[in-house]
Amino acid sequence: MRFLARAGTRVPGPPTAGDPLAEASAVVATAGGARLLDGVSLTVHAGEVLALVGPNGAGKSTLLGVLAGDTAPSSGRVTIHGRPADAWSTVDLARHRAVLPQHNPVSFPFTVRSVVEMGRAPWEGTPAEDDDERAVAAALADTGLTSFAERIHPTLSGGEQARTALARVLAQSTGLLLLDEPTAAMDLRHQEQVLALARARAETGAGVLVVLHDLGLAAAHADRVAVLSSGKLAAAGPPEEVCETELLSEVYQHPVEVISHPRTGKPIVLPYRE
Amino acid sequence: MTATASPPATPGTDTAAPAGRRPVRVVVLFAVLVAGLVVVSLVSAAVGQFGIPLSQVVGSILNRVGIDVLAAPADPFAEAALWDVRFPRVVLALLVGGVLGVCGALMQGCFGNPLAEPGVVGVSSGAAVGACLSIVFGWTFLGSFTTPALAFCTGLATTLAVYVLARSKGKAGVVTMILTGVAVNAVAGAAISFLVFAGDQAAREQIVFWQLGSLAGSRWVYVATIAPLVAVCAIVALLLAKRLDLLSLGDRQARHLGVDVEVLRLVTIVVVAVAVSAAVSYSGIIGFVGLVVPHLIRMITGPGHRVLIPASLLGGALLLVAADLLARNAFDYADLPIGMLTALVGGPFFFWLLLRTRRREGGWT
């Protein structure tokens, strides 16, 4: 039974900065007759934090799913670490990319520590297994969950559950991180913390794609911002270039104002109010 | 001043205690289960219409393995009662109970749903259709094995039908599968009703008793046919344990962590179908063991499948052997249907578990 046998035990080294880690070219994705993605090309490079923004239903999660290898596009090419997404085995892919979906329920009352430990599953039987304890402890500490480690998952608040899911993804220790709205249920402090963690991972050579709704958060922390609008890539580039009044007003179909932060000079995007 | 002051918060004790306690709990649980199994099995062999002292039961077993410490029963009738009637029955109860316990844990893990049990995917009702067919039409082409053999085949076939019907585009979602199970169970129920209607009075009686479940008339040959299946089922279940943990994060998340979710689900369902079909083919339908035992274990040691699966094996075996002891001896000269007994105790107990879990953990929505 191949299924019960261990997969190979090779541990990938850290990626070199600038390498393309996940690459979508001219990707089209359809569901129920609707074109969710319409010819999108986007690359996540090693060493960068790439923020993916756009209005509801723009196709952000679909693009993240395509780059994760979850869903095959109806046309276009997707490569992960240079290899076509559908050429990977499930286990091998799990050693190269970690994904944080929007919702992360846990069906049984596991402790926070057990949930985070599950992030180490792809490394079972490889030399990286020796790193399990350190990686789990570090992920718990980084997300501020050390004192929650023995708490039962269903007794946590929404924000704490979201941090637990993030800690699991961090513990997986992969070169590519795909995070779908990791800050959604979190307070201001933890939002900053999550983006700081993404930055820290990028500095060790990882590529981080993060879907965000808060454009200010994206502008302050990301190296590049990609704007999706109705399944098309409206813009991609450094925050200063992308955060532009006309473009964002059109994409969000609501007038916006872009002002420069008086101290840092980073763009701040606000809905236009009387 | 109100008298209902809330107790002071003690986060320190609250968060730190379970960490050190769980491994100890696991060891204690396994020790209690094994000790319970040995004691209850021996008592079950000793107690009955024809009482045999416990020391003679132990002596008889030791004699067979060549140790002459305790005296075996002097009465050859007692010796025969032990080896031809009671021991096969006790061993069959252990095997059937163990299978139901493990398969309950597997199904709950496989569907990420604490209410799942083997019956959900049609194993029990499918097996019942096969058993009813052979009873109503009086088929005996396999001798006394006809009913169990047919029950096994239809149980397996029904489960696979549920799986195949629920699949679309290579995936079988949890809700689709459970609802397909409901539909297939309904059809199987209709088939059973028709067979009850079509059968003569003797057949009807036999069907009713098969569905009530019983371990009466157990023979060594029954034990020999299902023991290998139970062993394989238990070993595969243990190999799947870690992956089942990951499945509780959701299908997509499990896939992100390297689990082939579709293969895992298929292997689990095949194992459950084979093992449960084999178990119920001899014993008839015995409910609630697969539902209650994993819950009880989870309450004591947490939901990790590496502990849950072996503990459910032992727990299911213990529960059924105890239930059978009660079924045989609650009333003189009457062998109560064991399925009735497990449901009678299991139903209220399950409800209590539900309430308790809701109180302590926020429960399931």
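## Fold of chain A

Helices are taken here as DSSP runs of H or I with at least four residues, and strands as runs of E with at least two. Counted in this way, chain A of this predicted model has 9 helices and 12 strands.

The C-alpha trace of chain A extends over about 60 × 45 × 35 Å along its principal axes. Of the 274 residues in chain A, 47% count as buried, and, among its contacts with a separation of 6 or more, 68% are accounted for by residues 24 or more positions apart.

## Contact between the chains

To the contact, chain A gives 27 residues and chain B gives 29 residues. On the side of chain B that touches chain A, at least two residues are supplied by each of α1 (11-46), α8 (220-247), α9 (251-256) and α10 (261-283) of chain B. That side of chain B is made up, by class, of 11 nonpolar, 11 polar and 7 charged residues.

## Helix α10 of chain B

One of the helices that supply residues to this contact, α10(B), is mostly covered, with 19 of its 23 residues buried. After α10(B) comes Gly284(B), which has a positive phi, near 80 degrees.

Technical notes. Residues numbered from 1 in each chain as written. Chains lettered and ligands numbered in written order. Predicted model: local features only at pLDDT ≥ 70, side-chain atom pairs only at ≥ 80, totals over all residues. Contact = placed C-beta atoms within 7 Å. Nonpolar A, V, L, I, M, F, W, Y, C, P; charged D, E, K, R; others polar. Buried ≥ 20, exposed ≤ 12 C-beta atoms within 10 Å, placed from the backbone.
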